[in-house]
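User: I have not looked at this one before. Can you take me through it?

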Amino acid sequence: MDNQPQTIERQPYGEYRKHYSDEGFRSKLKRSAASIGIKAAYLALLLYYALKSPKTPKTAKIQIYGALGYWILPLDIMPDILPAIGYVDDWGALLLALGHVAGSINDEVRQQAKNKLRQLFRGTEDDHPEVVEVERRIQAPAARGV
């Protein structure tokens with residue numbers, strides 16, 4: 001095992017960071033919100049607003065850049081144009097990142113994500129079952145100190 005410090009490119013999803021841009025994120029979210037659903041959209045928004053937060057540590061931001069860059073990338077392991085299964089790998093990348101950065105998802109980040117979610121999905125409330133499920137996933141790693 002080599003003891004050299006990990007550069008961004010050597011971090012998980014580091015090679016996908018170059019595919020991330022705010023414009024690319026907004027475009028992908030707008031284009032795919034209906035097909036990915038409330039749960040995945042909320043997850044992506046949580047990561048996006050955690051990335052924008054000055055309170056999020058640099059190491060967490062590196063993972064978020066990679067996961068969102070992978071999500072934005074149109075041709076990945078399972079291309080998004082494949083019906084039903086095209087977003088499975090994207091969902092996995094976002095969940096993996098969430099598990100690593102759950103401690104950086106604070107109330108401010110949650111509120112920003114929920115506000116945007118309400119714009120995308122009219123009438124979505126904070127107690128929507130899919131929002132609640134994502135919240136449970138955030139609390140589990142945070143409770144373990146991950």
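User: Which residues does Leu94 touch, not counting residues up to four places away in sequence?

Analyst: This is a predicted model. In it, Leu94 touches Ala40, Leu43, Ala44, Leu47, Ala67, Leu68 and Trp71, once residues up to four places away in sequence are set aside.

User: Which residues touch the most other members of the largest nonpolar core?

Analyst: Leu94 is one of them, along with Phe25, Leu46, Leu68, Trp71 and Leu117. That core has 37 residues.

User: Which elements give two or more residues to this core?

Analyst: Helix 1, helix 2, helix 3 (88-101), helix 4 (107-120) and helix 5 (129-144).

User: And which gives the most?

Analyst: Helix 1, with 17 residues. As a general point, nonpolar side chains tend to be buried together in soluble globular proteins.

User: How many aromatic pairs does the structure hold?

Analyst: Four. In one of them, the ring centres of Tyr20 and Tyr65 are 5.4 Å apart and the planes are at 70 degrees, so this pair is edge-to-face.

User: Where in the chain do those two sit?

Analyst: Tyr20 is in the segment before helix 1 (22-52), and Tyr65 is in helix 2 (residues 58-72). They are 45 residues apart, and the pair links distant parts of the chain.

User: Tyr20 first: buried or exposed?

Analyst: Tyr20 counts as buried, because its relative accessibility is 11%. Tyr65 has a relative accessible area of 22%, so Tyr65 is partly exposed.

User: What about Tyr48 and Tyr49, how are their rings placed?

Analyst: Those rings are edge-to-face as well, with 5.0 Å from centre to centre and 80 degrees between the planes. Tyr48 is buried at a relative accessible area of 9%, and Tyr49 is buried at 17%.

User: Moving on to Val109. Where is that residue found?

Analyst: Val109 is in helix 4. Its relative accessibility is 1%, so Val109 counts as buried.

User: What is Val109 in contact with, leaving aside neighbours within four places in sequence?

Analyst: Leu46, Tyr49, Ala50, Ser53 and Ser104. Val109 can also be compared with Leu45: the two are 64 residues apart in sequence, and their C-alpha atoms are 8.7 Å apart in space.

User: New topic. How many salt bridges does the count come to?

Analyst: Seven. One of them joins Glu108 and Lys55, where the closest N and O atoms are 3.8 Å apart.

User: Why does that pair tie together separate parts?

Analyst: Because Glu108 lies in helix 4 while Lys55 lies in the loop between helix 1 and helix 2, and those parts are 53 residues apart in sequence. Glu108 is partly exposed at 45% relative accessibility, and Lys55 is exposed at 61%.

User: Which residue does Asp126 meet in a salt bridge?

Analyst: Arg118, with 2.5 Å from N to O. Asp126 is partly exposed, with a relative accessible area of 34%, and Arg118 is partly exposed at 26%.

User: And which residue forms a salt bridge with Glu133?

Analyst: Arg137, and the closest N and O atoms there are 3.7 Å apart. Both residues lie in helix 5, four residues apart, which is about one turn of the helix. Lys39 is linked with them in a network of salt bridges. Glu133 is partly exposed at a relative accessible area of 25%, and Arg137 is partly exposed at 38% relative accessibility.

User: Last topic, confidence. What pLDDT does the chain average?

Analyst: The average is 77, and 71% of the residues score at least 70.

User: Which elements have the lowest and the highest mean pLDDT?

Analyst: Helix 3 has the lowest, at 75, and helix 4 has the highest, at 94.

User: Where is the pLDDT below 50?

Analyst: Over residues 1-13. Beyond near neighbours in sequence, that stretch has 15 contacts in the model.

Key: Residues numbered from 1 in each chain as written. Heavy atoms only, no water. Phe/Tyr/Trp six-rings, centres within 6.5 Å; stacked < 30°, edge-to-face > 60°. Buried < 20%, exposed > 50% of the residue type's maximum accessible area, 1.4 Å probe, protein only. Core = buried A, V, L, I, M, F, W, Y, C linked by side-chain atoms within 4.5 Å. Contact = heavy atoms within 4.5 Å. Salt bridge = Lys/Arg side-chain N within 4 Å of Asp/Glu carboxyl O. pLDDT = per-residue confidence, 0-100.
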